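My entries follow in the order in which I made them.

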2 protein chains.
Amino acid sequence: MKTFFQYNWLIRERWYGWCEDVPPEELLRKRTGGVGGILETLFHIVDVEWSWIRVLQGQPDFQESFDRFNTLEKVRQLDKEFHAEVEAFVNAWDDRMETRLVPVEQRDGSIAAFAWGEIMRHVIAHEIHHIGQLSVWSRELGRQPVSANLIRNGLILPETN
Amino acid sequence: MKTFFQYNWLIRERWYGWCEDVPPEELLRKRTGGVGGILETLFHIVDVEWSWIRVLQGQPDFQESFDRFNTLEKVRQLDKEFHAEVEAFVNAWDDRMETRLVPVEQRDGSIAAFAWGEIMRHVIAHEIHHIGQLSVWSRELGRQPVSANLIRNGLILPETN
């Protein structure tokens with residue numbers, strides 16, 4: 001579980017670096033698919049990751065709109081603010097939490113029951129999926145996307161004996 | 001680990017279903033980003049998943065080109081042929097394999113050492129990333145993509161007591 005979060009944080013940080021070389025209007029431009037833009041996608045990833053971690057902790061989640069975070073600096077700052085809490089939660093993860101029940105109110109007012117392990121994997125897959133969308137938009141801009149490779153980042157070291 | 005593979009297989013199967021309603025020329029059309037097309041992406045996902053599982057088992061991997069598998073039926077058939085072996089490997093996964101070393105020859109002839117757990121997560125992230133690309137191309141075609149949600153598929157059931 002932790003490895004995937006570490007992977008996502010690493011790749012996200014590289015996308016922030018990628019954004020530094022792209023004109024702000026391109027980061028904000030409406031695009032086809034996903035949530036409709038590069039910077040808004042990064043904001044959405046940060047928002048969704050933190051919101052689910054808040055839900056698992058029984059805390060109120062994030063209700064802000066992208067309009068208030070529409071620069072690279074603001075998204076990075078927001079990410080930084082949320083990260084300590086997210087990281088602490090991920091680092092404290094243990095396998096006995098996998099099937100713990102979390103009740104989540106649905107749009108129609110009903111309550112759905114999820115397993116904590118299901119939510120955590122949902123958060124992981126959510127980010128990787130949206131990063132895939134960024135990679136297409138990056139090529140549309142004529143730019144090389146950040147590599148999505150999980151290997152070659154030293155995330156798990158092999159035994160050498 | 002198994003949950004993510006199950007998720008990927010489920011979503012992939014839904015994308016095959018999605019493909020059934022799309023004209024073959026759109027499935028083959030060259031697109032911006034990724035490996036450059038919808039059906040070739042699905043072929044690539046199947047190829048890469050199986051190839052890495054073969055590498056972990058010390059077996060020769062797949063060296064075919066997409067040209068021989070350029071219909072939905074052929075990709076599905078190939079997937080079916082590979083799936084039994086992939087699924088058996090995934091189902092036999094146990095945590096003691098996480099840091100087991102696998103040597104992999106690089107393009108320059110050198111040997112890199114990876115951990116099995118790193119390779120497995122690489123395969124998982126690889127598919128989710130490419131599916132994210134399909135979702136953009138789907139919207140470009142004016143079609144609703146397959147949902148990427150991991151929750152609401154009953155992949156992990158919460159404890160109810």
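**Entry 1: a pair in chain A**

I looked up A:Glu13 and found it partly exposed, at 44% relative accessibility (buried is under 20% relative accessible area, exposed over 50%, partly exposed in between, with a 1.4 Å probe and protein chains only). The model is predicted, so I note that local features need pLDDT of at least 70, that side-chain atom pairs count only at pLDDT 80 or more, and that totals for chains, interfaces and linings use all residues. Residues are numbered from 1 along each chain as its sequence is written, chains are lettered from A and ligands numbered from 1 in the order in which they are written, and side-chain values use heavy atoms, with hydrogens and water left out.

The partner I found for A:Glu13 is A:Arg76, in a salt bridge of 3.5 Å, N to O (a side-chain nitrogen of Lys or Arg within 4 Å of a carboxyl oxygen of Asp or Glu). A:Glu13 sits in helix α1 and A:Arg76 in helix α4 (residues 72-91), 63 residues apart (helices are DSSP runs of H or I with at least four residues, strands runs of E with at least two, numbered from the N terminus). A:Arg76 is also partly exposed, at 26%.

**Entry 2: two buried pairs**

I next checked A:Glu98 and A:Arg121, whose closest N and O atoms are 2.9 Å apart in a salt bridge. A:Glu98 is in the loop between α4 and β1 (101-105) and A:Arg121 in helix α5, so the pair ties together parts 23 residues apart in sequence. A:Glu98 is buried at 17%, and A:Arg121 is buried at 8%.

In chain B I found B:Arg12 and B:Glu127 in a salt bridge of 2.7 Å, N to O. This pair links helix α1 (residues 2-20) to helix α5 (residues 116-140), 115 residues apart. B:Arg12 is buried at 2% and B:Glu127 at 1%.

**Entry 3: between the chains**

I find 44 residues of chain A in contact with 45 of chain B (heavy atoms within 4.5 Å). Together the chains bury about 3700 Å², 68% of it on carbon and sulfur atoms (accessible area, 1.4 Å probe, that two parts lose on being put together, summed over both). In chain A, the residues losing the most area to chain B are A:His129, A:Ile151 and A:Ile156, together 17% of what that side buries.
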